[in-house]
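Subject: Structure handover

Hello,

Here is the structure we talked about. Please open it first, then read the notes below.

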Amino acid sequence: MQGKENKKKSFFSIPWVQTITASLICILLGLLIGFIVLLIIKPENAVEGISKVLKNFWNYNAKRQPKYFGQTLVKTVPLLMCSMSVLFAYKVGLFNIGVAGQYVIGAGASLYCALGLGLPWWVCLLAAVVFGALWGSIPGILKAYRNVNEVISGIMLNWIGLYLINTILTQVKNPTGKDTYTVASQNPSALIPSLGLNSWFGNEKTVTIAIPLAIIIAVAVWVLLSKTRLGYELKATGLNKNAAMYCGMREKFNIILTTAIAGALAALGAAMLFLTDSMQWECTQSSVPAMGFNGIAAAFLGGLNPIGAIFSSYFIQHITEGGAQVTTLGYFSQISDFISSFIIYLCAFVLFFRGIMSRKPGDRAGRSKKGGKQA
Amino acid sequence: MSEYAIEMLHITKRFPGIIANDDVTLQLRKGEIHALLGENGAGKSTLMSVLFGLYQAEEGEIRKDGKVVHITSPNVANDLGIGMVHQHFKLVECFTVLDNIILGVETTKGPFLEKSEARKKVMALSEKYGLQVDPDAKIEDITVGMQQRTEILKMLYRDNEILIFDEPTAVLTPQEIEELMAIMKNLAAEGKSILFISHKLNEILEVSDRCSVLRKGKYIGTVNTKDSTAESLSAMMVGRNVNFHVEKQPCHPGDTVLSVRHMSVASKAHKKMAVNDVSLDVRAGEIVCIAGIDGNGQTEFVYGLSGLEPLAGGTISLNGKDITKASIRQKSVGGMSHIPEDRHKHGLVLDYSLEDNIILQNYFEPRFTKHGFLRRKAIREHAEKLIEQYDVRSGQGPITTARSMSGGNQQKAIVAREIDREPELLIAVQPTRGLDVGAIEYIHKQIVAQRDAGKAVLLVSLELDEVMDVSDRILVMYEGEIVGEFDPKTTTVEELGLYMAGAKRKEM
């Protein structure tokens, strides 16, 4: 308006640089605090402990490394999908805390189709998508028509989902334990195919096409949000429901569609883990799987960008796996969870650090002009 | 002691792509009403935000009573006795009027709020200055006018000495404006110093002692108001002479485009109908204006017409086609354009870029969407064309975030979007609210051009000058009903005022 300003933009004022820097600061702070805790508990092993966490599969000899790298990737898949679910809803203005419940539904639907109904793997994946979408749309419907806060309904649905799936999967439980049967033992056709991919990872059986598929889906989410008409509509609805209504968008439908897509993503993630036999469902579990909540962390650590989430999801899974190894050094096994959760909780500060960086010195309240009258 | 209550000396404030204030000096004498005049985007609001501690200036200094002060936040400004009524109100929607007034300076008894003293003081102030409010009504339920009175009371409640009014009259009725002018004179007479930001020249001439003018971020000068005329001030503000009167040819109405019969819309605030049995026609090539005091059902009438609110009864037809039950999208595609009353609530997605806002009403058309993908190149070209054609100014062109644009340019973007669609019927609600003379002149020209191109125009306005100048036929709305129809050439503002206030009505 008053002519272009010729001042050169600083490197740190570029948004993506800010996001990456903020994420890295969180990671470093988290590791530092983890290291301090290790120091307090057992000073002589602290350096080795933190390096074990960071090394993860590099702790093994070169021959076994690909296998363990593969295992980390397998578990990254559901985390990435959960973070996609959170991120997608967040971009449309919704906080999908129901991601854990949608993940549970995905696990239940896919495992029941695989073990109970003997269906092939792709039908099981499809079932997870359909039931995840239906489950996810419940908070959307409540929000659109009854203005129920999606956080409240999401949390409640998490518990309903958990016990529902525990009940259903008990029918396909291995009588010798608490877990469901392995897919391989009952219906090998329900295992997601590897198509030779596992030969690159020391023939690790759980490495399947789920890994590239998850990355493709993450890229697809990015494309959907930033390039398509649907993404434009959904984001507009999330940012200003009234404007969306004014220009004739079906704002209620858009909210429901968003939660359905988010639910489908999380449920698909669960199916992509359980249909590899990487782990079985424990039918007596009484807490909602942490995977969903870690998905929230991964989404934020990745700067709310689908491509960033690929890296942040991998990193979180990497240190989680690495953390499991410090028990050999005389630390409590919970220490690994502690370190990774510290980094995860610091993820919430990514936005905070970004805020600090985008502030100019001497312009402390520069953002307060944002608040306009909304009436 | 300095003769100035506040001095802002050589203030420079930069934003990305824009120098909002370039070496601006403003000196406010004690007990005077000092007007700050400038077009939208001239830097008035920025300058006031610097004074109020919302922004820090890169250069220059602020003095209070001759002493240099550093206003680092609104709290510091408050401590210095500076109060401000913002252009966009800063009220908590779900709190009551009283709660909003005492917010931040609550009186307490132990851990509990003690509101009875506060209520007495608020009621006393309210009575003393004629600022009528309902202290127990929630902000979201009251009219814009009452919201503003709440803002003014907020300032008075804090015993502020320096009062900043940022475009206070933009949302008031003529009577309310007169009352406000009287209040401001009272306040000045009591020794309070007032900064009055406006681009309504007649108000500045009426109420202020001196006037400082900004243009494109630069300080143009300060004049004594009694030595000035509307022409001289506007020339200073715009840098050229402005034509105040809308020039238009006589109207030649054609076929009926919009036909509304017995329309009723339920009210959210009370049990009565907000719009009660309204029937009207708008013909091609004429501008029909609905005049009335804010809150008499005009908003709800337009909501009902556009589909934002359901009808309680009645029918609407467009070009002979019944569209009573059509969706918003169907009406919009069918030739209805709508410049909404509240540009932030309905008109724009503030966090979207300018170009994404420009395609808000037609993003789904094949020229902008192919196989579900947005055609970014076509969108950019379209946005650039409209920006150029309608002179929408912004920091970074099509990719500017709408939120960072000035109000006038936000409005221009909406006007561009709605007119460019070549509608059969253009509904314009308060299209010039809060805009400067340059932009008003421009938007009026556009509306008249639409009429001359044979479109039907329905204008809803609270500004009587606008009503008289632009329209071909005037309908007055009072308490949800049409109480009179007038020809602007044969009626007077006073006559309209009587109908608007409910003192007279015609049998329709």
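Start at A:Ala267. Leaving out residues up to four places away in sequence, A:Ala267 touches A:Gln102, A:Tyr103, A:Ile105, A:Gly106, A:Ala109, A:Ala128, A:Val129, A:Phe131 and A:Gly132. Two residues are in contact if their C-beta atoms, placed from the backbone, lie within 7 Å.

Some ground rules. This is a predicted model: local features need pLDDT of at least 70, side-chain atom pairs count only at pLDDT 80 or more, and totals for chains, interfaces and linings use all residues. Residues are numbered from 1 along each chain as its sequence is written, while chains are lettered from A and ligands numbered from 1 in the order in which they are written.

**Cores**

A:Ala267 belongs to the largest nonpolar core, which has 99 residues. Within this core, A:Met81, A:Ala128, A:Ala267 and A:Leu275 touch the most other members. Helix α11 of chain A (residues 251–274) gives the largest share, 16 residues. A second, separate core has 87 residues, including B:Leu350 and B:Val470. A nonpolar core here is a set of buried Ala, Val, Leu, Ile, Met, Phe, Trp, Tyr and Cys residues joined through C-beta atoms within 7 Å. Buried means 20 or more other C-beta atoms within 10 Å of the residue's own, with C-beta atoms placed from the backbone.

**Chain A**

Chain A has 15 helices and zero strands. Both are DSSP runs numbered from the N terminus (helices: H or I, at least four residues; strands: E, at least two). Of its 375 residues, 50% are buried. Take the contacts in chain A between residues at least 6 apart in sequence: 75% join residues at least 24 apart.

Now look at helices α12 (residues 290–301) and α13 (residues 306–323) of chain A. Their axes come within 8 Å and cross at roughly 130°. Axes are lines fitted to C-alpha atoms over the stretch in contact, and angles run from 0 to 180 degrees between N-to-C directions. Residues making the contact include A:Ala298 of α12(A) and A:Ser312 of α13(A).

**Chain B**

Helix α1 of chain B (residues 44–51) has eight of its eight residues buried, so α1(B) is largely enclosed by the rest of the structure. Just after α1(B), B:Gly53 takes a positive phi of about 85°.

In α14(B), 13 of the 14 residues are buried, so this helix too is largely enclosed by the rest of the structure. B:Glu422 follows α14(B), with a positive phi near 50°.

Best wishes

How values were computed
Buried ≥ 20, exposed ≤ 12 C-beta atoms within 10 Å, placed from the backbone.
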